[in-house]
Amino acid sequence: PMAFTVAIDGPAAAGKGTIARAVAAHFGFAYLDTGLLYRAVGAKVTEGADPLEAAQALRAEDLNAEGLRTQAVAEAASRVAVNPQVRAALVDFQRAFAARAGGAVLDGRDIGTVICPEAQAKLFVTASPEVRAERRYLELVEGGHEATREAVLDDVKARDARDSERATAPLRPADDAVVIDTSEMSIKEAVAAAIGAVEARG
Ligand code: C5P
């Protein structure tokens, strides 16, 4: 069968991951959180590795490493993600995943624009910075982490700026992406909107 690829992009904490996982489960597709690639490279750089060498040496097992979900690693990821050579070194892994015969969902920042411009379905999942910061804040507090709303909002805005203003593969919706703004949606509503948008392209 022909590979069917769903590309899901958007800023941090917009609900991309939750939606991508639900879409993948609904259609029986494989799921790749491409942020984990940048996080794995960022984590190695924090430990002293060279960014390009870390990207070139990246293996699937590295995506299961512990500690990739922390704020510190997210920061390190967004710093290595501005490096065009690092981004280029991660392209083949993502394209191979997207080409899986059984269908694939990839989420990230540049899947519809750079990695899989031929994807059958493209979604851009977004929400206001305030709503995203509030969700992230609640996640952190529930996870037992110390956080303030103000610091989390500052962090969301800083990462947005870095992701959308970088020269290589900046965060933006593909021309043919369906934009889903989850600011006023429940998870259930957002997932239903995403599945509907994918069905419309199938
Ligand atoms: O999505 P997540 O928060 O895990 O991504 C961490 C960082 O990795 C993002 O802030 C972004 O800078 C970078 N990233 C990227 N391109 C992707 C996925 C993530 O630049 N496709």
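**Close-up views of a predicted model**

**View 1. Strands β1 and β4 side by side.** Strand β1 (residues 5-9) and strand β4 (residues 121-126) run parallel and are joined by 4 bridges; strands (E, at least two residues) and helices (H or I, at least four) are DSSP runs, numbered from the N terminus. Within this pair, valine 6 stands opposite alanine 121 of β4. This is a predicted model, where local features need pLDDT of at least 70 and side-chain atom pairs count only at pLDDT 80 or more, while totals for chains, interfaces and linings use all residues. Residues are numbered from 1 along each chain as its sequence is written, and side-chain values use heavy atoms, with hydrogens and water left out.

**View 2. The open sheet.** Here 5 strands follow the order β2-β3-β1-β4-β5 with parallel pairing (two strands pair if DSSP finds at least two bridges between them). β2 (30-33) and β5 (178-181) each have a single partner strand, so one side of each is left without a neighbour in the sheet. From one strand to the next, the twist averages 20°.

**View 3. Arginine 136 in its setting.** Helix α8 (residues 129-142) holds arginine 136. Why does arginine 136 count as buried? Its relative accessibility is 18%, and buried means under 20% relative accessible area (1.4 Å probe, protein chains only). Setting aside neighbours within four places in sequence, arginine 136 is in contact with Ala13, Gln71, Val152 and Arg159; contact means heavy atoms within 4.5 Å.

How values were computed
Buried < 20%, exposed > 50% of the residue type's maximum accessible area, 1.4 Å probe, protein only. Axes fitted to C-alpha atoms, helices over the stretch in contact; angles between N-to-C directions.
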